[in-house]
Amino acid sequence: MSTTIDNIKQQIGENPILIYMKGSPQLPQCGFSAQAVQALMSCGERFAFVNILDNPDIRTELPKYANWPTFPQLWVDGELVGGCDIIVEMYQNGELETLIKQTAAKHNQASSDA
Ligand SMILES: N[C@@H](CCC(=O)N[C@@H](CS)C(=O)NCC(=O)O)C(=O)O
Ligand code: FES
């Protein structure tokens, strides 16, 4: 039987750009998730999302695993980048787009080499 933590690890391992949020990118259910996903979408690359309102176990377990108490959470290349404040700040200073574009390019390269 796979545990919630196994599930989380698999999601983080398989998706180089992944946001845990409340609601969906098209219909965020909280202003923090809305701001964060808007910044992420502005970077123009594909990303995965998990709606934690549909996944109460992940909502409970991920903050402990991540050592980060709140949502949204942006994970890039298996590492926690941060929540809304950090994402918006990185978007405003250009770091988010650089990180997202580099990550997308790296993984597109990896899959075309495979
Ligand atoms: N300052 C936080 C704002 C996010 C936040 O406070 N999220 C709260 C309200 S949406 C949260 O996730 N609480 C835990 C929960 O709802 O499970 C950030 O930068 O991400
Ligand atoms: S759901 Fe109330 S602040 Fe995010």
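In this predicted model, aspartate 77 is partly exposed, with a relative accessible area of 32%. The side chain of aspartate 77 meets that of lysine 106 in a salt bridge, at 2.7 Å from N to O, and the structure holds three salt bridges. The points below take up these pairs and then the helix H3, whose two faces carry buried and exposed residues respectively.

**Salt bridges between separate parts of the chain**

- Lysine 106 belongs to helix H5, whereas aspartate 77 sits in the loop between strand E3 (73–76) and strand E4 (79–82), so the bridge between them ties together parts that are 29 residues apart in sequence.

- Glutamate 61 and lysine 64 bring their side chains together in a salt bridge, with an N to O distance of 3.4 Å.
- Both residues lie in helix H3 (residues 56–66), where a spacing of three residues separates them by about one helical turn.
- Glutamate 61 counts as partly exposed at 24% relative accessibility, whereas lysine 64 counts as exposed at 57%.

**The two faces of H3 and its end**

- The buried residues of H3 are Ile58, Leu62, Pro63 and Ala66, and because they cover an arc of only 120 degrees around the axis, they are placed on the same side of the helix.
- These buried residues of H3 pack against helix H1 (4–14) and against the strands E1 (17–21), E2, E3 and E4.
- The face of H3 turned away from the buried side carries the exposed residues Pro56 and Lys64, and lysine 64 is also the residue that forms a salt bridge with glutamate 61.
- After H3 comes asparagine 67, which has a positive phi, near 60 degrees.

Definitions and conventions
Residues are numbered from 1 along each chain as its sequence is written. Chains are lettered from A and ligands numbered from 1 in the order in which they are written. This is a predicted model: local features need pLDDT of at least 70, side-chain atom pairs count only at pLDDT 80 or more; totals for chains, interfaces and linings use all residues. Side-chain values use heavy atoms; hydrogens and water are left out. A salt bridge is a side-chain nitrogen of Lys or Arg within 4 Å of a carboxyl oxygen of Asp or Glu. Helices (H or I, at least four residues) and strands (E, at least two) are DSSP runs, numbered from the N terminus. Buried means under 20% relative accessible area, exposed over 50%, partly exposed in between (1.4 Å probe, protein chains only). The arc is that of the directions from the helix axis to the C-beta atoms. Contact means heavy atoms within 4.5 Å.
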